[in-house]
Amino acid sequence: MRTNSGVNDYDIRRPTPADAAAIHELVAEHDVEVTGKPDWTLDDIADTLGELDLEHDSWVVRSGGRLLGWGYARRKGTSDNVDVDVQAREPGAAALVWDLVLGRAGDLAREAGHDHAVVDVSVYEQDTVMREAAKERGFAPATSFHRMRTDHAGVRPLSLPGVTVETGAPDGEELLRVAHAVQQEAFAEHFGFVPKRFEEWADEMEASSANDWTQLLLARVHGEPAAMLLGTNHFVPDENCGYVRTLAVRPAFRGRGLGRLLLTRAFEADERRGRAGTILHVDSNNTTPALGLYRSVGMRPVLVIDVWRALVRPTR
């Protein structure tokens, strides 16, 4: 599809996996301008393209053979919650991509039987251009995620009486199912949570190039599943750091030090793997006081990503 907007002649089409390098260049250019360094790797972009329904939910915008914009809308399961992203090199392309992804967000909600979409977009705290674009389209800040980091120098893993810790494995489906059940119960009240069946969760993880089931830890208290931690390799290529993708403690077992125990076990394992440190993201409006927990094990905030939210209704 082609469209004219002022002096620009835009070519709008669906992306393919072959566009990953050009999209990564676009995204890295934006990240460097806003945060001082690239925040997405090429593998991150390739994984995202692999997760999307490219025929329906994503677009690239070009002019004169140059990639000017990319965006997508992705519904969480069959819920009304839709994540969108917009990346662009100039305002005209940005406006086009915003219109496309928000229109698709409304359609995705309608297809799932909802009369509106609850749309979330992630914005770096210091990205004034993106903040203004979101505000102009009816978005408002909903929560903030802090990226935390610790650097390793002789980590000592903790232990607790009556607590055992098991490690995951690619062929250990029983343990994976137990860990999934712990995560689903523990995250039920968290921002943006949408329940997932085990198969959906496992397939999503295994589709990621950063997945490593041996970084899964499950804590039991006197034999009962109580907490889980899932680590990945998302920050290995660019930061040489491990990444705690998920830390979950069942409500009945909170306040016993299980989160701290699993974090120190993960830190010690990352150090053994030769990682310089470990990174994670925490919601500042979490139902549990997670920021304090992470500071207590030596983590420090290094980046803030705000989530802006709007209600979008289908256009037809």
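**Domain interface and salt bridges in a predicted model**

Between domain 1 and domain 2, three residue pairs are in polar contact, with both residues of each pair at pLDDT 80 or more. The structure described here is a predicted model. On the side of domain 1 that touches domain 2, the elements giving two or more residues are α2 (42-51), β7 (140-151) and β13 (300-312). Of these, α2 gives the most, with three residues.

Domain 1 comprises residues 11-143 + 307-312, and domain 2 comprises residues 153-275. The contact between them takes 15 residues from domain 1 and 13 residues from domain 2. Taken over C-alpha atoms, the centres of the two domains are separated by 29 Å. The size of an interface is often given as the accessible area lost when the parts come together. For domain 1 and domain 2 the area buried between them is about 980 Å², with 54% of it on carbon and sulfur atoms. Thr-41, Asp-47 and Lys-76 supply 35% of the area that domain 1 buries against domain 2, more than any other three residues.

Salt bridges were examined next. Side chains of opposite charge can pair when their charged atoms come close. The structure holds 29 salt bridges, and one salt bridge is found across the interface of domain 1 and domain 2. Glu-239 forms a salt bridge with Lys-37, in which the closest N and O atoms are 2.7 Å apart. Both residues belong to a network of salt bridges that links Lys-37, Arg-149, Asp-151, Glu-239 and Arg-300.

Arg-104 pairs with Asp-57, with the closest N and O atoms 2.6 Å apart. Arg-104 is in helix α3 (residues 91-111) and Asp-57 in the loop between α2 and β3, 47 residues apart. Both Arg-104 and Asp-57 are buried. The side chains of Asp-115 and Arg-313 also form a salt bridge, at 3.9 Å from N to O. Here Asp-115 is in the loop between α3 and β6 (117-124), whereas Arg-313 is in the segment after β13, 198 residues apart. Asp-115 counts as exposed because its relative accessibility is 52%, over the 50% cut-off.

Individual buried residues were also considered. Ser-58 lies in strand β3 (residues 58-63) and is buried, with a relative accessible area of 0%. Its side chain reaches the backbone oxygen of Gly-71 at 2.9 Å. Beyond neighbours within four places in sequence, the contacts of Ser-58 include Arg-13, Leu-52, Trp-70 and Tyr-72. Trp-201 is placed in helix α6 (residues 198-206) and counts as buried, at 6% relative accessibility. Residues up to four places away in sequence aside, Trp-201 touches Leu-176, His-180, Gln-183, Lys-196, Trp-213, Met-228 and Leu-230.

Helix α8 (residues 258-272) has 15 residues and reaches 21 Å from its first C-alpha to its last, close to the 21 Å expected. Its buried residues include Leu-258, Leu-261, Phe-267 and Asp-270. The helix is followed by Gly-274, whose phi is positive, near 90°.

Key. Residues are numbered from 1 along each chain as its sequence is written. This is a predicted model: local features need pLDDT of at least 70, side-chain atom pairs count only at pLDDT 80 or more; totals for chains, interfaces and linings use all residues. Side-chain values use heavy atoms; hydrogens and water are left out. Helices (H or I, at least four residues) and strands (E, at least two) are DSSP runs, numbered from the N terminus. The expected span of a helix is 1.5 Å times one less than its number of residues. Buried means under 20% relative accessible area, exposed over 50%, partly exposed in between (1.4 Å probe, protein chains only). Domain bounds come from an automatic or database domain assignment. Contact means heavy atoms within 4.5 Å. Buried area is the accessible area (1.4 Å probe) that two parts lose on being put together, summed over both. A salt bridge is a side-chain nitrogen of Lys or Arg within 4 Å of a carboxyl oxygen of Asp or Glu. A polar contact is a pair of N or O atoms within 3.5 Å; within protein, one must be able to donate a hydrogen and the other to accept it, and residues adjacent in sequence count only if both atoms are side-chain atoms.
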